[in-house]
Amino acid sequence: MEPAIAKKILHFIRAIPLKEFDGGIFSLLAGELFRYQFERNTIYRGICQQQKMTPERIENWREIPAVTTSAFKEAPLTCFPAHEAAAVFHTSGTTQNRSGKHYFRTLEFYRAAMLRSFAAYCLVDIVKMRMFFLGPTVELFPNSSLGYMFSGLRDEFGDKKSAIFFSPQHLDAPGLQKALDEAAQENAPVFILGTALALLECMEIFLREGRKFKLPIGSRILDTGGYKGHRTEITREEFQQRLCETFGVPREFLLNEYGMTELSSQFYASSLPDIPRHHEHHALRALHFMPPWVRVAAVDPEYLKILPEGEIGLLRIFDLANVDSVMAIQTEDLGRARQDRLELVGRATGAELRGCSLLTEAIDHAA
Amino acid sequence: MLRDFFIPNGFAEPLTQTRQHESYAQSGVIYASAQLSAEWLAEFATKFRQPAFGFREGSKDWQARAIKAWCQVAREWQKIKFPGAKTILAALAAATGLSQKMLKEALYNHFRVFTEEVLNSWLREVKCDRDRHAEQKMRYPALAFLVSAGNIPGVAIHPLVHLSVLGIPALVKNSSLEPFLLPAILTTLAKHDPTVASRLAALTWSRSNSDLTQTVMEYNPAVIAFGDDGTIEKFAQRKKHFADFGDRFSLTIVNPHRENLRVRQMAYDICMFEQMGCLSPQAIILLTADWKKVEEFCARLAKAMAKMSAILPIGKRTAAQHALIQQWRGALAVRSAAGEKIILLTSAGTAWTVAAAEHFDPNERVAYRFARVWPVASIKDLITIVERYKNKLQILLWGNSGRELEKFFASSELGAAFDNLFFNFAGLAQAPSCGWLDEVNPRWRRLTRGLRLKTTIQ
């Protein structure tokens, strides 16, 4: 039977105005969700007990004990029997590191969170677009959270000519080229979504062939994941410059997604027209929009103490959409929260390659 | 001023630029950086490459001269007492994040073995091996290209000294992470004997500058590469004269039921170089089935780690390094919550960690003073572990007395499991003998003997 807190959170995700950052409701839901997870998730309860934390001792959502992303490699962190999972998303493993697994009793929360924030920050008022994917989709990568997300976005927001140009075998740059040419002829704006590594790979192919595009007005590109591990070193600034030059898309139509398998919600850096600009926007450090069912605290890397708002530290993310696993996730990423935005300062250098970028890299090696 | 290059006398120097090192500690180390071009490097390599002395006629004079010069360098560098020592230590600390105390200890360990007696003895052994395999002899290379790594300062010193004694012209590619040490050492060598130094050079460029690397490769050098898998892979295509010191790790074995445990030494091995090198133990294998003994051992080790951290302080850790430690600890916390037997003892912050579990995978690496204690119930279990990781093992360290080691080797259960594995005592992992590279790397051994690659030396 679905717990009462699940219904409340689903309603909250579906109904709350995205600009509304009501601390009161969030705190109530977070407290209730923590109590639910403490009761149902035995491994998580064990972790809380190690830290001598119980629902009774929590006064603020910031105090809710977090699990590290590495914890997902070690045991199923679930509020239900793991074998009953409707889906299991795997993190990208490396040769030296195992994958983590995030078990979902239902994908309802994930889907609700994904559709709401994507529509708000990446589409604004557009209902359907021609979407081209340079990243995993659920048919070919059933255990990839990004795969689920891309497929879900295609089904919900993609028009009939939307297509995928990415498979475990190869990146179909000629196919994408043909599709982009066709869209240009029809003057149909396109939305290219892909991992940063796949986009880089594609741009290199187009560069070798001397191909550049001038995509119809309104076209946009979303990248996700890093490009560590790519053959050549490249800064974000250079990456975006290349995107603009290759596809003929203005800078404000370049979007970035920050997410991870251990979460159910995503953050978007978006400067699309009609998206409110942040006064403190730093040219090189994108600010990502945080949906109101998520909060972020920065913690001191050495002692894991919560830092005052505005200070840079390791990001601890509290995601209400993680209903049946663990809401509070301790990441390895550096940044700070600024009201409804998240400023990513960087992924901890020296940390293992992770995220969706590895997917493309693995394909490179296999080819 | 510090420099990221050393060019022997008589060669055209490259253009230089004053730069600020993008170091860990953001301490603003200023140095002269060579602005290298492929053209300049080609011109340099053409002149620098020349027949090695090896053991050909007239080589004895060279060898004696080189040994004498290196021993003079070693005396100065062991004590770090020479003009500019403070500057180089500060720069190394800034570039690597290691504390100056640890760097002093590391330099002492690197250089203490270079005495005339030791180097002559090594040379005799090399000659003896070479003569024993006369049918497989080949000419020593006219150029060695030594690709150094940035995480362990001075990692290239031992091979460089050996190449120098054999009179093989050696060009070191410094890691751009730590470009100062070898040029400074070679400057000291040139001060004592410019002729010996004339066959050595150190230059710095980043791994992404493949044009420069390719330029050197065109001179068909023997390649000796330190570094991560990415670095090694780039050179692994070379079938001839290639010795890699890539991704390896070490393990410590200790029987807690015996007296005289070398606990302090085990802590030393882990703390040195922040556990980042191939000689750093990734786990301490405890020969016991008794969890109580594991608890006792961990408590003792934790005390030793705390003391060692005061003796060899941590330098500067980045947020990324703290984050990794927190993630490793977090993984163990969840294993404990899931019902596994886990011991987790930590400093208040991230200074050190002692963790015990019934299973670890050393392929999942840790660093930054993260001691993993892995109890095994029997010799059979130990053999299973050693066999599983044999191709990644650099050395095995013994945490009990020499007498106990003899008993261990005498055990009939061992069979051939430990054949060809290099043993040392705990506490000596980071202070290896002069010939340790020969022991752990057959390809390097063949290279120093000037033997064809397929030769097997027993």
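Strands are DSSP runs of E comprising at least two residues, numbered from the N terminus. In the predicted model described here, L2(B) is found in such an element, strand β1 of chain B. With 21 other C-beta atoms within 10 Å, L2(B) is buried. Leaving aside residues up to four places away in sequence, L2(B) touches V29(B), Y31(B), T87(B), I88(B), A91(B) and F180(B). The C-alpha atoms of L2(B) and K137(B), by contrast, are separated by 41 Å, the two residues being 135 residues apart along the chain.

When residues up to four places away in sequence are not counted, F11(B) touches F44(B) and K47(B). F11(B) and L324(B) are 313 residues apart in sequence, and their C-alpha atoms are 45 Å apart in space.

The overall architecture of chain B was examined next. Chain B contains 17 helices and 15 strands. Its radius of gyration is 23 Å, close to the 23 Å that the globule rule gives for 458 residues, so chain B is as compact as a globular protein of that length. The C-alpha trace of chain B spans about 65 × 55 × 40 Å along its principal axes. Of the 458 residues in chain B, 48% are buried. Among contacts in chain B with a separation of 6 or more, 79% are accounted for by residues 24 or more positions apart.

The corresponding description of chain A is as follows. Nine helices and 14 strands are present in chain A. Buried residues amount to 49% of the 367 residues of this chain. Residues 24 or more positions apart supply 69% of the contacts in chain A with a separation of 6 or more.

Two helix pairs of chain B illustrate helix packing. In one of them, helix α1 (residues 38-48) and helix α9 (residues 210-217) of chain B pack at an angle of about 20 degrees, with their axes 9 Å apart. Angles under 35 degrees count as roughly parallel, and α1(B) and α9(B) are therefore roughly parallel to each other. The crossing in which α1(B) passes α9(B) is right-handed. On the α1(B) side the contact is made by A38(B), L41(B), A42(B) and A45(B), and on the α9(B) side by D211(B), L212(B), T215(B) and V216(B). Classified by residue type, the contact of α1(B) with α9(B) has six nonpolar residues, one polar residue and one charged residue.

The other pair consists of helix α2 (residues 59-79) and helix α5 (residues 116-132) of chain B, which pack at an angle of about 145 degrees with their axes 9 Å apart. The crossing of α2(B) and α5(B) is right-handed. Helix α2(B) contributes Q63(B), I67(B), W70(B) and C71(B) to the contact, while α5(B) contributes E116(B), L119(B), N120(B) and L123(B). The residues of the contact of α2(B) with α5(B) comprise five nonpolar, two polar and one charged.

Backbone geometry was considered in both chains. Most residues other than glycine have a negative phi. In chain A, phi of L304(A) is near 60 degrees, a positive value in a residue other than glycine. L304(A) is placed in the loop between β11 (294-299) and β12 (313-319) of chain A. L304(A) is buried, with 20 other C-beta atoms within 10 Å. In chain B, Y368(B) likewise has a positive phi, near 60 degrees, in a residue other than glycine. The loop between β12 (353-357) and β13 (370-376) of chain B holds Y368(B). With 21 other C-beta atoms within 10 Å, Y368(B) is buried.

The contact between the two chains takes 28 residues from chain A and 22 residues from chain B. On the side of chain A that touches chain B, α3 (42-50), β1 (67-68) and β13 (328-338) of chain A each supply at least two residues. Helix α3(A) gives the most to this side, with four residues. The residues of this side of chain A divide into 12 nonpolar, 11 polar and five charged.

Terms used. Residues numbered from 1 in each chain as written. Chains lettered and ligands numbered in written order. Predicted model: local features only at pLDDT ≥ 70, side-chain atom pairs only at ≥ 80, totals over all residues. Rg over C-alpha atoms; globule rule 2.2 N^0.38 Å. Buried ≥ 20, exposed ≤ 12 C-beta atoms within 10 Å, placed from the backbone. Contact = placed C-beta atoms within 7 Å. Nonpolar A, V, L, I, M, F, W, Y, C, P; charged D, E, K, R; others polar. Axes fitted to C-alpha atoms, helices over the stretch in contact; angles between N-to-C directions. Parallel < 35°, antiparallel > 145°, perpendicular 65-115°, else oblique. Left-handed = near helix turned anticlockwise from the far one by under 90°.
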